[in-house]
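Take a look at the model below.

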Amino acid sequence: MSRPRSSAAPGCDVGILDLLAEGSTIEALSIEAVATRAGVGKATIYRRWPGKDALLMDALRRLKGVVAQPAGHSVRDDLVLLVGAVGHNVDPRAERIMPCLVPEVNRSPDHFQLYQNMIEPRRKIMREVLRRGVATGELRADLDIEVAMALLTGPMLIQRLMRWHPELDDRLLPENVVDGVLDGLRAR
């Protein structure tokens, strides 16, 4: 986990994103390179982050943006909101960065754990929505929550990371995915 934010090292998380967008790998990134890009000394970075992974985590959070917060009125609407956020990044550099991170996450147990730590809060919210649907009787009582989450998020990830089907309308895809999956998950 990263230390609390301060104004000690402005631009360092942006600098690391710039370096990744330019093609640097996580392994090749160094605190020195980030410091040079941000125009600060290495000590300035270490006052704010204990190391490269903490800095990377903050940078990726910046890339992903704020976790969507469902309204809690409708399981369907909450899922459309959450599914719409899957693979959606607020920073345009994400299109160049995220596909390059996938192999890194698969090769390195440390980077895999970093990724898991970053997305777990998002998964937790989706679990809560699905559990609420089971509790209210909207969704099947025997629902496997983890499989349901995979069914909901998989199509969005493949479409947004790989642009698997260029003809699909990205604006309508979250609703279409949720409606299609809910047909199989609804209580009868």
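From α1 come Cys12, Gly15, Ile16, Asp18 and Leu19. Across from them, α2 supplies Ala33, Val34, Arg37 and Ala38. Sorted by class, this contact holds six nonpolar residues, one polar residue and two charged ones.

How do the two helices cross? Two packed helices are described by an angle and a distance, both taken between their axes. For α1 (residues 12–21) and α2 (residues 31–38), the angle is about 110 degrees and the axes lie 8 Å apart. Angles of 65 to 115 degrees count as roughly perpendicular, so that is how α1 and α2 stand to each other.

Now move along to helix α7, residues 109–135. Helix α7 bends by about 40 degrees at Ile119. A proline, Pro121, follows within four residues. Ile119 is also buried. Other buried residues of α7 include His111, Leu114, Met118, Arg122, Ile125 and Leu130. What covers them? The cover includes α4 (52–64), α5, α6 and α8 (145–162). After α7 comes Gly137, with a positive phi near 85 degrees.

Finally, check the confidence. The chain has an average pLDDT of 85, and 94% of the residues score at least 70. Among the elements, helix α5 (residues 75–85) has the highest mean, 94. Helix α6 (residues 94–107) has the lowest, 81. Residues 1–8 stay under 50. The model has 17 contacts for them beyond four places in sequence. Where pLDDT is low, predicted coordinates should not be read in detail.

Definitions and conventions:
Residues numbered from 1 in each chain as written. Predicted model: local features only at pLDDT ≥ 70, side-chain atom pairs only at ≥ 80, totals over all residues. Heavy atoms only, no water. pLDDT = per-residue confidence, 0-100. Helix = DSSP H or I, 4+ residues; strand = E, 2+ residues; numbered from the N terminus. Contact = heavy atoms within 4.5 Å. Axes fitted to C-alpha atoms, helices over the stretch in contact; angles between N-to-C directions. Parallel < 35°, antiparallel > 145°, perpendicular 65-115°, else oblique. Nonpolar A, V, L, I, M, F, W, Y, C, P; charged D, E, K, R; others polar. Bend = angle between axes of the 7 residues up to and from the residue. Buried < 20%, exposed > 50% of the residue type's maximum accessible area, 1.4 Å probe, protein only.
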